[in-house]
Amino acid sequence: MISKEEEVDVEVTWEDQQKINTFGRLSNALSDLEDELRTQKEQLENVNEAESEVMLSDDTHIKYWIGESYVSVPREKAEEMVGDQIKKVEKAIEDTEIKIKALKETLNTLKKELKAKFKDSI
């Protein structure tokens, strides 16, 4: 907390309030994206484990989970399907990381603008 003497008495304009609201919304969005990224990384880890299991399998047919059921597919097809899933998850992770980077840049800009006007009062 800041002391009463350090507090800056600055009028909050409508534009300032909009920046504060935007900062709050973007902070929440960033938190959601970071959660999504953690989930995607866990999913990638699981798919990589599945790929290893398929590669190590001696079976000619693999049970592959599609929707709500398992389907028996040839081993080569299962390898291809798992590889495609890995690419899909990696692309989703890359997209999420780009969104997070953009949000952080916007948040830093807003933070600088707000700190410049309100100092530590905000």
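This is a predicted model: local features need pLDDT of at least 70, side-chain atom pairs count only at pLDDT 80 or more; totals for chains, interfaces and linings use all residues.

Colleague: What pattern does the chain follow along the sequence?

Modeller: The pattern is α-β-β-α, with two helices and two strands in total. Helices (H or I, at least four residues) and strands (E, at least two) are DSSP runs, numbered from the N terminus.

Colleague: How does the radius of gyration of the chain sit against a compact globule?

Modeller: The chain has 24 Å, whereas a compact globule of 122 residues would have a value near 14 Å. The radius is taken over C-alpha atoms, and the globule rule is 2.2 Å times the number of residues to the power 0.38. Along the principal axes, the C-alpha atoms fill a box of roughly 75 × 25 × 25 Å.

Colleague: What share of the residues is buried?

Modeller: Buried residues make up 22% of the 122 in the chain. Buried means under 20% relative accessible area, exposed over 50% and partly exposed in between, with a 1.4 Å probe and protein chains only.

Colleague: Which residues of α1 are buried?

Modeller: D16, L26, L30, L33, L37, Q40, L44, V47 and V54. They pack against β1 and α2.

Colleague: There's an Asp in there. What does D16 touch?

Modeller: Not counting residues up to four places away in sequence, D16 touches E11, L114, K117 and F118; contact here means heavy atoms within 4.5 Å. D16 counts as buried because its relative accessible area is 7%. Its side chain also has a polar contact of 3.0 Å with the side chain of T13. For that term we need a pair of N or O atoms within 3.5 Å; within protein, one must be able to donate a hydrogen and the other to accept it, and residues adjacent in sequence count only if both atoms are side-chain atoms.

Colleague: Now the other helix. Is T96 buried or exposed?

Modeller: T96, which sits in α2, is buried, because its relative accessible area is 2%. Leaving aside neighbours within four places in sequence, T96 is in contact with L33, E36, L37 and Q40.

Colleague: On to the strands. How many bridges join β1 to β2?

Modeller: Six, and the two strands, β1 (residues 61-66) and β2 (residues 69-74), run antiparallel. Two strands pair if DSSP finds at least two bridges between them. H61 has P74 as its bridge partner in β2, and for I66 the partner is S69. The strands form a hairpin with two residues between them, and G67 in the turn has a positive phi of about 65 degrees.

Colleague: What about H61 itself, what is its side chain doing?

Modeller: The H61 side chain makes a polar contact with the side chain of T60, at 3.4 Å. H61 is partly exposed, with a relative accessible area of 43%.

Colleague: Which aromatic residues form a pair?

Modeller: The count comes to one aromatic pair. W65 and Y70 form it, edge-to-face, at 4.7 Å centre to centre with 70 degrees between the planes. Rings of Phe, Tyr and Trp (its six-membered ring) pair if their centres lie within 6.5 Å; planes under 30 degrees apart count as stacked, over 60 as edge-to-face and the rest as tilted. W65 is partly exposed at 48% relative accessibility, and Y70 is exposed at 54%.

Methods: Residues are numbered from 1 along each chain as its sequence is written. Side-chain values use heavy atoms; hydrogens and water are left out.
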